[in-house]
Amino acid sequence: MNSPEDNRLKTHFANLREEDQSAAPPFDRTAAAATVLSRRSSFLRIALAAIPVLAIAVMLTVRPHRSPNAVPRELAAWSSPTAFLLETPGKQLLNQTPRLGETLIHTLPASQDEHK
């Protein structure tokens with residue numbers, strides 16, 4: 001199982017591992033840099049979250065106040081003289097809720113043509 005090729009690969013990989021370890025920075029320095037970056041990013045997150053809150057607060061304080069002389073919308077609403085043409089025929093019938101035992105269309109008085 002321990003062929004000369006296996007031994008050669010093991011020594012080659014051991015040499016590569018040692019080479020990488022000598023080139024890598026110490027862990028303490030890497031961990032310290034990560035904590036500094038996390039503090040900066042947390043400050044950045046807080047600042048970015050505060051921007052919309054401040055913008056809304058400024059909009060609420062700067063917005064123009066209504067005049068007490070303003071005309072209510074109900075009085076200022078305009079209605080077209082031909083608006084009735086756009087209404088659905090039988091609108092009253094469609095808006096009614098049916099009741100049990102009651103007909104939807106009430107019987108109308110018979111026309112004079114039917115009596116003859």
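The chain exposes about 12,000 Å², of which carbon and sulfur atoms supply 63%; accessible areas come from the Shrake-Rupley method with a 1.4 Å probe, and for residues only the protein chains shown count as cover.

## Model and confidence

The model is predicted: local features need pLDDT of at least 70, side-chain atom pairs count only at pLDDT 80 or more, and totals for chains, interfaces and linings use all residues. Residues are numbered from 1 along each chain as its sequence is written, and side-chain values use heavy atoms, without hydrogens and water.

Mean pLDDT (the predictor's confidence in each residue, from 0 to 100) is 78 for the chain, with 80% of residues reaching 70 or more. Where pLDDT is low, the predicted coordinates should not be read in detail.

## Helices

The chain holds 5 helices and 0 strands, these being DSSP runs (helices H or I, at least four residues; strands E, at least two) numbered from the N terminus. Helix 1 has 20 residues and reaches 29 Å from its first C-alpha to its last, close to the expected 28 Å, which is 1.5 Å times one less than its number of residues. Phe13 lies in this helix (residues 4-23) and is partly exposed, because its relative accessibility is 48%.

Conventions. Buried < 20%, exposed > 50% of the residue type's maximum accessible area, 1.4 Å probe, protein only.
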